[in-house]
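Me: I would like to learn how to read a ligand site and a strand pairing. Can we work through one case together?

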Amino acid sequence: MEMTMRWYGSKFDTVTLKQIRQVPGVTGVITTLYDTTPGEVWAPEKIRTLKEEVQAAGLHISGIESVNVCDSIKVGDSDRDKYIDNYIQTLENLGKEDIRLVCYNFMPVFDWTRTELARVRPDGSTVLAYNQKAIDAIDPANMAASMEKMSNGTILPGWEPERMAKVKELFAMYSSVDGEQLFQHLVYFLKAIMPVCNKYDIKMAIHPDDPAWSVFGLTRIINSEAGILRLMAAVDDVHNGVTFCSGSYGTNLENDLPHMIRALKGRIHFAHVRNLKFNDISRENYDFEESAHLSSDGTFDMYEMVKALYETGFDGPIRPDHGRMIWDEKGMPGYGLYDRALGACYLNGLWEAVEKSHQRGV
Ligand code: DNO
């Protein structure tokens, strides 16, 4: 595996490449052209400039998160082929720059969904949190505005204001798309892009739904072991792979995370590894918050997860995921420097322990 951190580009991120370079063990960044709109072709010069900037800081681009898939493709509109061609051109441009990992998602309208972006924990740190009662009280049309208010003036990934300005229109577009259709649209898209992925050895890594169920009545399909295995079988090519995000699949406690990792052997190309702490698991008041990465701070057994990744031969980039805001840092919720750096060190420690135990037969 390679330890990486997500970086949004110098115009958008509060964290610098220099800081990332100083986190022990981090050699690459997961980045994107944050100011492109889904559907647009990524210009070769922009990719080149980004790559050179990252290299000048002593790092390299380990993958893209995300090349977003536009809504026409997701709903299967009559103009989807045009947008698929654009996506293929973007992959071609990335492939020519030797960028071989692309994370994307297939969630309708909203990307990840939380009800608080700065819940205060007993130690004074703040974290992203989800509460079912709060979701039930929200009018989805106001969801984007409420996320923006909580964003510390940053643009949250997946909550880009231009898209969110059309929320009502987007809901209408998806109103007649059921789970099976969404799945077929995804398969259609993947089959169309596999040739270019094969040509450049680009691994596509689908990010799961977060949380791992439908929100606001919008259908969601990538949130369980059965769902993701079905997708792997439907397009049975190694370039059709997975971003294993523990904090997303893990929102549904029925998902056995180490088991899923083992079931997806060979198809996990990218890992987001973080912990969650569940406060209430009753249906009406389901409540969780994003804890520190450490097993003892949350609900997941992080050791078992890292062990499963190691034992299935995972060799892609891994990144600490959302971190807490600590030490008075101000930044994009979930994406400050300090707690993600602690997360990277912790995950590196777990990996070293698992690796050495194996090598030494203990
Ligand atoms: C949020 C992220 C998501 C993720 C996309 C992938 O912090 O985990 O926005 O990057 O769903 O396309």
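Reply: We take the ligand first, then a pair of strands. Keep in mind that this is a predicted model.

Me: Which side chains place an N or O atom by an oxygen atom of the ligand?

Reply: For a polar contact, look for a pair of N or O atoms within 3.5 Å. The side chain of Y335 has such an atom 2.7 Å from a ligand oxygen. For H207 the distance is 3.3 Å. S66 also takes part, with a polar side-chain atom 2.7 Å from an oxygen atom of the ligand.

Me: How much of the ligand does the protein bury?

Reply: Compare the ligand alone with the ligand in place. Alone, the ligand exposes 330 Å². The protein buries 99% of that. The space the ligand takes is the largest cavity.

Me: Now the strands. In which sense do β10 and β11 pair?

Reply: Two strands count as paired with at least two bridges between them. Strand β10 (residues 277–280) and strand β11 (residues 287–289) have 3 bridges, in the antiparallel sense. A hairpin of 6 residues joins β10 to β11.

Me: Which residue in β11 is the bridge partner of F278?

Reply: F288.

How values were computed
Residues are numbered from 1 along each chain as its sequence is written. This is a predicted model: local features need pLDDT of at least 70, side-chain atom pairs count only at pLDDT 80 or more; totals for chains, interfaces and linings use all residues. Side-chain values use heavy atoms; hydrogens and water are left out. Helices (H or I, at least four residues) and strands (E, at least two) are DSSP runs, numbered from the N terminus. A polar contact is a pair of N or O atoms within 3.5 Å; within protein, one must be able to donate a hydrogen and the other to accept it, and residues adjacent in sequence count only if both atoms are side-chain atoms. Accessible areas come from the Shrake-Rupley method with a 1.4 Å probe; for residues, only the protein chains shown count as cover. On a 1 Å grid over the protein atoms alone, a cavity is a set of points where a 1.4 Å probe fits but cannot get out, and a pocket is an open set with protein on both sides within 12 Å along at least five of seven lines; lining residues have an atom within 4 Å of a point. A molecule sits in a cavity or pocket if more than half of its atoms lie within 2 Å of its grid points.
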